[in-house]
Amino acid sequence: MASPEMVYRRLSRCDAAWSSSRCDAFCPPTAVDAAMAVKVGPRYLDFCCLPFQCMSRSQQQEYEVERLFSNLNQVTLKREPGSLSSSIFLVAGTTIGAGILAIPAVTQESGFLASSVACILCWIFMVTTGLLIAEVNVNTMCELGSGGVSLVSMAKRTLGVAGVQFSCWSYIFIHYALLIAYVARSSDILTNFLGIPLWESATLFSLVFGGICYFGSQRFIGAVNGVLLFGIIISFTSLVVVASGDLRLDALLKVNFAAVPMSIPIIALSFVYQNVVPVLCTNLEGNLSKVRTAIVLGTAIPLGLFLVWDGVILGSVSTPEMADKIADPLQQLLSTNGVVGPIIQAFSFLAIGTSYIGFVLGLSDFLADLLKLPAGENKPLPYILTLIPPLVLALLDPEIFFKALDFAGTYGVLVLFGIIPAAMAWSDRYSSSSTSIKLPRLVPGGKVTLSLVMGASGCIILSEILENLMHL
């Protein structure tokens, strides 16, 4: 009998799917690698071993891909399909992170109405770039014949060596910056709650949540994310109910669109989830429909929370005069309402926890691919490299929270999750050297959409650079 590794490789080389009745079947030894799935009904696919390259174009168009391979447990040799609900929780949990805590501080000058428009536009932008990453990721899985494809393989295939270097450094930079921010903020909350030294609380947080990522299965991590997300919704609802008692409607009517560009980097940062898209595509076995649903719904939940959160905090600022003197409206609310403080602390900790899990999974998967470790094996080295540096740097500068967020949002998010996904999709779609089977596009609009994504990212980055130079 073939070894588990050989069986896994054979399954992952298949470029299509099996029906639910045959999803656990192995490819016959005589089957070609390009085993395709025949469309026999609106929902089900039947297994076929016809060579795809031997078919005519009209025959090829009759085939569709529901999933590219089976997630195979190498011990039990049983298929372990990813859950759509767990994937939605993973995206939502990753999105609701430290950025939401900084939103009121950067949107108070523009006002609630103007910042709401900015939030919706940033959400559309970030959904688009996430879908572009998913599109390139699944096409790369088809070409390489395996799951677990990270940004390294995607960039190497579409952008070449220079693109790999640029993407790798951008990816590492933004992930470490955000993990530093998460550890710094969470350790501060734990220190205030438990009364222990800062280094103990930071270490405790990193060990507990890092251990969940390393030892937990897909379903366990999904369940943990679901519980944490439920806690976020409960604490968030409590916060809205308590804080809305001091809500002033006139405070919500302030509009200053001229101040909106200054808030975009932090708002865009608040919608970061793209680092888990490769994990998402692997967990959902390359099923494009499920991947699209997980991304759209998983980010729509945070969008609703962001809008309500921003409205409650900005609308609770006592007076316009006091608002002008306070850098962070959240601090004012904490100082004037004793009930709100513990709720905000609980909400903040849960939000950071869910996002921390997503970023640890994304960065450890990236480092495993960068170090060329065997796919499907859970090695400790990527997790050590993921957890230790942010812990050390957060302890060296406990006030690093806002600095890390601002720097990562301006120069990290808009490059790594703005320009690079559009550039990879452009190369993947229109390069003559790309030989992979082209699957349905997740983002419509062709070159116009890709140009808008890259142009918008470049304009915001340039404006931020000019703004910083003017303050030197």
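These exercises work through a predicted model of one protein.

The model is predicted, so local features need pLDDT of at least 70, side-chain atom pairs count only at pLDDT 80 or more, and totals for chains, interfaces and linings use all residues. Residues are numbered from 1 along each chain as its sequence is written, and side-chain values use heavy atoms, with hydrogens and water left out.

**Exercise 1. The whole protein**

Task: State how many helices and strands the protein has, and what percentage of its residues is buried.

Solution: 
- Step 1. The protein has 18 helices and two strands.
- Step 2. Apply the burial classes: buried is under 20% relative accessible area, exposed is over 50%, and partly exposed is in between (1.4 Å probe, protein chains only).
- Step 3. Of the 472 residues, 55% are buried.
- Step 4. Accessible areas come from the Shrake-Rupley method with a 1.4 Å probe; for residues, only the protein chains shown count as cover. The accessible surface is about 20,300 Å², and carbon and sulfur atoms hold 66% of that.
- Step 5. Turn to contacts (heavy atoms within 4.5 Å). Take those with a separation of 6 or more: residues 24 or more positions apart account for 77% of them.

**Exercise 2. Salt bridges**

Task: Find how many salt bridges there are, and describe the pairs formed by Glu-135, Arg-157 and Asp-188.

Solution: 
- Step 1. Start from the idea. Side chains of opposite charge can pair when their charged atoms come close.
- Step 2. Apply the rule: a side-chain nitrogen of Lys or Arg lies within 4 Å of a carboxyl oxygen of Asp or Glu. The count is four salt bridges.
- Step 3. Glu-135 pairs with Arg-429, with the closest N and O atoms 2.8 Å apart. This pair links distant parts of the chain: Glu-135 is in helix H5 (residues 112-144) and Arg-429 is in helix H17 (residues 401-430), 294 residues apart. Both Glu-135 and Arg-429 are buried.
- Step 4. Arg-157 pairs with Glu-143, with the closest N and O atoms 3.3 Å apart. Arg-157 belongs to helix H6 (residues 151-194) and Glu-143 to helix H5, 14 residues apart. Arg-157 is buried because its relative accessible area is 18%. Glu-143 has 33% relative accessibility, so Glu-143 is partly exposed.
- Step 5. Asp-188 pairs with Arg-185, with the closest N and O atoms 3.4 Å apart. Asp-188 and Arg-185 are three residues apart in helix H6, so about one helical turn separates them. Asp-188 is partly exposed at 32% relative accessibility, whereas Arg-185 is buried at 13% relative accessible area.
- Step 6. Look for shared partners. They join Glu-143, Arg-157 and Asp-428 into one network of salt bridges.

**Exercise 3. A nonpolar patch**

Task: Say which helix gives the most to the nonpolar patch, and classify Leu-396 as buried or exposed.

Solution: 
- Step 1. Patches take residues with over 30% relative accessible area and no salt bridge; like charges are joined within 9 Å, and nonpolar side chains (Val, Leu, Ile, Met, Phe, Trp, Tyr) within 5 Å.
- Step 2. The patch members include Leu-370, Leu-371, Ile-384 and Leu-396, and the patch has about 760 Å² of accessible area together.
- Step 3. Helix H16 (residues 380-396) gives the most, with seven residues.
- Step 4. Leu-396 is in helix H16. Its relative accessible area is 65%, so Leu-396 is exposed.

Notes:
Helix = DSSP H or I, 4+ residues; strand = E, 2+ residues; numbered from the N terminus.
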